[in-house]
Number of protein chains: 4
Amino acid sequence: MDKHAKISGQIKPYEHHRARMLISCPDGPGIVATVSRFLYEHGANIVQSDQYTMDPEGGMFFMRIEFDLDQLEDRIDSLKRDFAEIADKFQMEWNIFQLSHKKKLAIFVSKEDHCLVELLWQWQAGDLDADISMVVSNHPDMKEYVESFGIPYYHIPVTPDTKREAEQKQLEIVNGKVDLIVLARYMQIVSPALIQPYRNRIINIHHSFLPAFVGGKPYAQAYDRGVKIIGATAHYVTEELDGGPIIEQDVQRVSHRDDVAELKRIGRTIERVVLARAVKWHIEDRILVHQNKTVVFN
Amino acid sequence: MDKHAKISGQIKPYEHHRARMLISCPDGPGIVATVSRFLYEHGANIVQSDQYTMDPEGGMFFMRIEFDLDQLEDRIDSLKRDFAEIADKFQMEWNIFQLSHKKKLAIFVSKEDHCLVELLWQWQAGDLDADISMVVSNHPDMKEYVESFGIPYYHIPVTPDTKREAEQKQLEIVNGKVDLIVLARYMQIVSPALIQPYRNRIINIHHSFLPAFVGGKPYAQAYDRGVKIIGATAHYVTEELDGGPIIEQDVQRVSHRDDVAELKRIGRTIERVVLARAVKWHIEDRILVHQNKTVVFN
Amino acid sequence: MDKHAKISGQIKPYEHHRARMLISCPDGPGIVATVSRFLYEHGANIVQSDQYTMDPEGGMFFMRIEFDLDQLEDRIDSLKRDFAEIADKFQMEWNIFQLSHKKKLAIFVSKEDHCLVELLWQWQAGDLDADISMVVSNHPDMKEYVESFGIPYYHIPVTPDTKREAEQKQLEIVNGKVDLIVLARYMQIVSPALIQPYRNRIINIHHSFLPAFVGGKPYAQAYDRGVKIIGATAHYVTEELDGGPIIEQDVQRVSHRDDVAELKRIGRTIERVVLARAVKWHIEDRILVHQNKTVVFN
Amino acid sequence: MDKHAKISGQIKPYEHHRARMLISCPDGPGIVATVSRFLYEHGANIVQSDQYTMDPEGGMFFMRIEFDLDQLEDRIDSLKRDFAEIADKFQMEWNIFQLSHKKKLAIFVSKEDHCLVELLWQWQAGDLDADISMVVSNHPDMKEYVESFGIPYYHIPVTPDTKREAEQKQLEIVNGKVDLIVLARYMQIVSPALIQPYRNRIINIHHSFLPAFVGGKPYAQAYDRGVKIIGATAHYVTEELDGGPIIEQDVQRVSHRDDVAELKRIGRTIERVVLARAVKWHIEDRILVHQNKTVVFN
């Protein structure tokens, strides 16, 4: 459809010479001075910078720097090589992302389409500045819709018998080809074989309640308890089910007038908004992970 | 202090002839017609009315009516007697509250004073229209402060050895003398002997998280998981710890920059706001309870 | 597209015998008794009821009743005829809406598509239970997209020279054929000739700020003043530009980090959520208007 | 009262060697490198740092750095002297605040006490880490209450005749003795003679509506229009009435059920929360002002 993909994924002129650097390391004197001097001496101009020290005494230091550098494409390799020395000295985990290299996304979806539709809408509206490389699903339902955006759709059925095979197939399709996997209400447990190469690069969304309800039918439980607030949580996927680092959460007020169907409807709206925000922040390199916690510079 | 108690608890002229009726019963045809006809024929004028049917097919019906009736004080007894027949026919649980009879409150508190201070402040500002009859505490700390409002302060220490005795003493002090008990960060488990006569008339406040954290030090756990939202829940106390019907909840956004102390500080502010709202709604007869759930007409 | 329109607009079995009654009249004794007795005697069972009295002394009374009545289709005419007598006596403005008669919507749109896309998405997800009869636009841009849902698209260009003609054409297309007109970022002033027959049946959405900014480029002004909150307002259209009764408002926090483009992006998200809520409430007959104010029973 | 002032204003051990630096200057290459190198070479360790560039091309640069430096008290003067050279080169506006020097506050109040009470409560709870040096009022009402905290209370009546005299008296009392003036519902216009020496150091609070209502009785107007959201704005005071840089805003949902009195009550709660947040951020040196806009590093 001509209409879609009007802006997202297109490189704006200034993006050719802009990059973002993410750094985590044990805190200590001289880090900021060293990094900023390094960039200055390499001709880079810092456009935005965020820092945060977790637990001042012997804690961790986190930094996000957005900078402009002329002829970035030609100089990025030597810049990285030079920086490796500094990184080594301060025991940094670090990364530099060029804005001209749009992140490639795979969206995993099952039957519920609200999160997928929201991501595609924000993407075509220019609000999710990435390439959506593929949609992977264990159901064929959304094929026509997704392909109308010009996006490949891989239907990989998952049954108890074919689960291992299906996971193998998923891995082949995505591995090395995408930078981020978004589980947009994908109702299968993701295999550790996929989690490992995509550590802190798989985002999941699930509903959340105050308080939490253990066991099945959480919306029915929430209704029976008469909760006044329901919410959703976007997090990175770890081997512990729904236990990974939280990226974003939001809630909405409900009342006794909202029946289970209405609670679910409201839940869907929160889920799509929260997931889209988490994906946006990841795409914009705003998230650093330490242990089981995120630092989000937004 | 002259300053305090300037409005709350004073009877405004219109309140002498105003009352509120709360009704719960199995749904069925003719309830509203019968109740409104009854009031009309007794000369009452309905000022406000809320109804709600939970689960239309074979569900429960809830109603709150605020009405004016001349010479209410003289006619309330016969009104109640007459209504009992209707109530019987429809298997109603019901109650009529006169606005000139201000509810009497006991506030239970331990060492943390933020909820107590908020309630006293809203009370003296005229926002909690009730009588605060007493404050009960297992610590002496707030004695001077509470008494400066002209409110009696009962210091009843609780130790493992004296727990039963203390509970007995509490019961003696409050029973029959107050209409509502507010646990304003009272850090002791309330005895079933107190819960029974005060079913749906003891309000507790506690912090809440998305997701919930089991075990001790919830704020530390929330910090370690990097939650983005913390909240508080006000509920009626039942024999199941923190498991009673939820009255009100609210939340606030937090970020990685908020350390455990700051999370606690924010938590305190949410707690006092949420508790005060729940108390206000109870005082205004806005809450009906069915099973483990509230219907709040606000 | 097969995918779309999967639920919205379909009549569920219970809807054949369910209706909603909206009443506004001067307050006085016996209204509720009379109305509920009327329904009871006609065999109707009240499923939900809301009432509100604005200004108890000599004020206005508002009521929304949802009821079930067997063989509604056959009996609705006589029901209305009988009720007219009651209505007359109490000087009521009133209406009865059958749930089996889905409301017909016309959506007006210009170039910005976020509100239109949200409405169509909620509609095809079954969350806006109405018929979308047509989309009217002064631009051809969204034609293909709208028609892919099987919805007729009327492109009526508006220029200073053709304005009157265009308005005449709009009126012909919609008048009598739709129940509600939604201005989904329609950037033309609507003609009084359209407002009159659609009094309280045209919903508009616009951005709102704390404080308001007079003059052009409000987002730029908001940025310059460093506002921390931006919002949107959905209201019924009156002859006074953006001055009609407010239906719904919502806001989102922003910070100095959000530039004008980001403020606009956030504004778009609030607009689509707020507009969709207002449309939903209108479709569900939850809104009564008195003077320049709405009573929303939600 | 023994109870009060238990924590606020007390110097914690780590605060003796901690300071905060605020910098605004035209953006350009090398600023961060130079500042961080400067601190590093002077033996300071950066604990937290925030930067923001407004409008990357030729815009303004803002920085907040919190750092530890041994023997700060002895070295602060030479540190400042050395830094002045750097500041000069980059045309910086800058300031260094030692955490051991608690800010001194004057609170101005009229008859409405909700904001004053909230500030005093947060202060005595240890949440507003400052010295409250005095309360100034054009009414005597709060004298006893304020003095019970051990805080001096200056009653300076203001009448049309004595206005100039009163302003002169205010200036004498506060000038040079306090660092921040908080207008906690002070219902007099502040004299330019006071604004000038306290530029960006006088915080005011006022209610805000969506949309704004011009003229008197804004709550009545908001009620008549049926607004669904009311809010409050805290801002620095400038010569333009209520037109200064916005520090913080917040809102709460209201409905048609809230009459004018209830709207005012809700408004009071928002006002005290928003004002307290703004004061806290100022005390913690989180706010930079550029033109008519704040950058808040929170």
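Which residue follows helix 1 of chain A, and is its phi positive or negative? Helix 1 of chain A is followed by G43(A), whose phi is positive, near 85 degrees. Helices (H or I, at least four residues) and strands (E, at least two) are DSSP runs numbered from the N terminus.

The model is a predicted one, in which local features need pLDDT of at least 70 and side-chain atom pairs count only at pLDDT 80 or more, while totals for chains, interfaces and linings use all residues. Residues are numbered from 1 along each chain as its sequence is written, chains are lettered from A and ligands numbered from 1 in the order in which they are written, and side-chain values use heavy atoms, with hydrogens and water left out.

**Stop 1: helix 1 of chain A**

Select residues 31-41 of chain A. The buried residues here are I31(A), V32(A), A33(A), V35(A), S36(A), F38(A) and L39(A); buried means under 20% relative accessible area, exposed over 50%, and partly exposed in between (1.4 Å probe, protein chains only). An α-helix has 3.6 residues a turn, so residues three or four places apart point the same way.

Within chain A they pack against strand 1 (18-26), strand 2 (45-54), strand 3 (60-68) and helix 2 (72-89). From chain D, helix 1 (31-41) and strand 2 (45-54) also pack against them.

**Stop 2: residues 62-89 of chain A**

An unreviewed UniProt entry places the feature "coiled-coil region" at residues 62-89 of chain A. UniProt positions are given in the numbering used here, feature names are shortened, and annotations may be inferred rather than shown by experiment. In the model, this stretch of chain A is 64% helix and 25% strand, and its end C-alpha atoms are 16 Å apart.

**Stop 3: D242(A)**

Select D242(A), which the unreviewed UniProt entry lists for "active site". D242(A) lies in the loop between strand 10 (229-236) and strand 11 (246-253) of chain A. With a relative accessible area of 34%, D242(A) is partly exposed.

Which residues touch D242(A), leaving aside its neighbours within four places in sequence? They are N204(A), H206(A), H235(A) and, from the other chain, R225(B); contact means heavy atoms within 4.5 Å. The side chains of D242(A) and N204(A) make a polar contact (3.5 Å). Such a contact is a pair of N or O atoms within 3.5 Å; within protein, one must be able to donate a hydrogen and the other to accept it, and residues adjacent in sequence count only if both atoms are side-chain atoms.

**Stop 4: chain A against chain B**

Now show chains A and B together. The contact takes 38 residues from chain A and 37 residues from chain B. About 3100 Å² is buried between chain A and chain B, 50% of it on carbon and sulfur atoms; buried area is the accessible area (1.4 Å probe) that two parts lose on being put together, summed over both. On the side of chain A, L210(A), R225(A) and H256(A) supply 24% of the area buried against chain B, more than any other three residues.

The rule finds two salt bridges across this interface of chain A and chain B, a salt bridge being a side-chain nitrogen of Lys or Arg within 4 Å of a carboxyl oxygen of Asp or Glu. To view one of these, select R253(A) and E248(B), whose closest N and O atoms are 2.7 Å apart. Between chain A and chain B there are 22 residue pairs in polar contact (both at pLDDT 80 or more). Strand 11 of chain A gives the largest share of the side of chain A that touches chain B, seven residues.

A rotation of 180 degrees with 0.0 Å of shift along its axis superposes chain A on chain B (RMSD 0.0 Å). The two copies are thus related as by a two-fold rotation axis. Copies are superposed by least squares on the C-alpha atoms of residues with pLDDT of at least 70 in both. To find the axis, centre on A212(A), which comes closest to it of the residues of chain A, at 2.7 Å (C-alpha). Because 97% of the interface residues of chain A are also interface residues in chain B, the copies meet through the same surface.

**Stop 5: chain C against chain B**

Finally, show chains C and B. Here 18 residues of chain C are in contact with 18 residues of chain B, and about 1800 Å² is buried between the two chains, 52% of it on carbon and sulfur atoms. In chain C, R37(C), Y40(C) and Q51(C) lose the most area to chain B, together 24% of what that side buries. Strand 2 of chain C provides the largest share of the side that touches chain B, seven residues.
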